[in-house]
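Hello,

Here is the structure we talked about handing over. Please have it open while you read the notes below.

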Amino acid sequence: MNNYPEIQHLKNNPSLEGMAFLKSGIVYSTESGEELTMDLLLPWSVREPELSSKRYPLIVFVQGSAWTTPDRENEIPQLSAYAREGFVVATVGHRNYQNGHPFPAYLQDVKCAIRYLRKNADQYGIDPERVAIWGTSSGGNTALLVGLTAGDPRYETSEYAGYSDAVCAVVSCFGPTDMQDIVDQYKEDPTMPAMLRGLYGPDSEKWQERICEMSPICHVHKDAAYPPFLLLHGDADPVVRFSEMVGFYHKLLESGVPAEAYQIDGGVHEGNFWSEEVRSVIREFLMRSVA
């Protein structure tokens, strides 16, 4: 008689809790003549609608790219954790200023993506009343502007008219908040004139106005209704000065806006900025704000 170990038992997972899948290359806009795309990370139950009619909160993520072309794959390994925990996560592409798309093209695109996701909320299992935006570097700048300019007609396009671009919470990691500070910091950089022309157009007389318009700190108005903000920035960041976050944080508080800020000791731009502690702070804020 063979003395085999007993076969062990595991419970099945009828709700598919803790599972996620990737849906990539979704076209959300063609209005500009370019196909603009996003990737979606979704709880696995969304692909099995007979199992659940549950709707999940949405995180719209914008990867930093110096306002060029976001590498949407960069954060997918980390973002997938949120999908496994019950968020729909969209990592969104936008137009590149170097290809003839000055400000506010990137902002219009991300707002368009939010409207697209609200229009298609049923298809993707999204709760359209629970939407957060999160960005890094130039994506952080985008996230801040989205949070501060809900429904602003200057940044709307015609696609998905009637759907809101408003969000319930904003997370910015080392995002520029004052573009004049960026211009001053890089005034000796030989690439700065080309960047200014690309972002703001050939007429230098209009640059100052556009620099302010692209600066989140210029959009904060006292006693206006804004979502809560979470700001994180490394104090050793060589790309975007830590002082930008400090000034913006103080402006939010002085204007009565709910905000939290974290200094990452010795943190640079990307790289050692990231840690499980940082991700835990972001996760807790998103869970509290939209989950």
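What follows is a short account of the salt bridges.

This is a predicted model: local features need pLDDT of at least 70, side-chain atom pairs count only at pLDDT 80 or more, and totals for chains, interfaces and linings use all residues. Residues are numbered from 1 along each chain as its sequence is written, and side-chain values use heavy atoms, with hydrogens and water left out.

A salt bridge here is a side-chain nitrogen of Lys or Arg within 4 Å of a carboxyl oxygen of Asp or Glu. The count is 13. Three of them are described here.

R95 and D109 form one, with the closest N and O atoms 2.9 Å apart. R95 sits in the loop between β4 (88–92) and α2 (105–119), and D109 in helix α2, so the pair ties together parts 14 residues apart in sequence. Helices (H or I, at least four residues) and strands (E, at least two) are DSSP runs, numbered from the N terminus. R95 is buried at 12% relative accessibility. D109 is buried too, at 4%. Buried means under 20% relative accessible area, exposed over 50%, partly exposed in between (1.4 Å probe, protein chains only).

D122 and R55 pair at 3.8 Å, N to O. D122 is in helix α3 (residues 121–124) and R55 in the loop between β2 (36–43) and β3 (56–62), 67 residues apart. D122 is exposed at 60%; R55 is partly exposed at 31%.

E213 meets R154 at 4.0 Å, N to O. E213 is buried at 13%, while R154 is partly exposed at 45%. Shared partners join D152, R154, R210 and E213 into one salt-bridge network.

Best wishes
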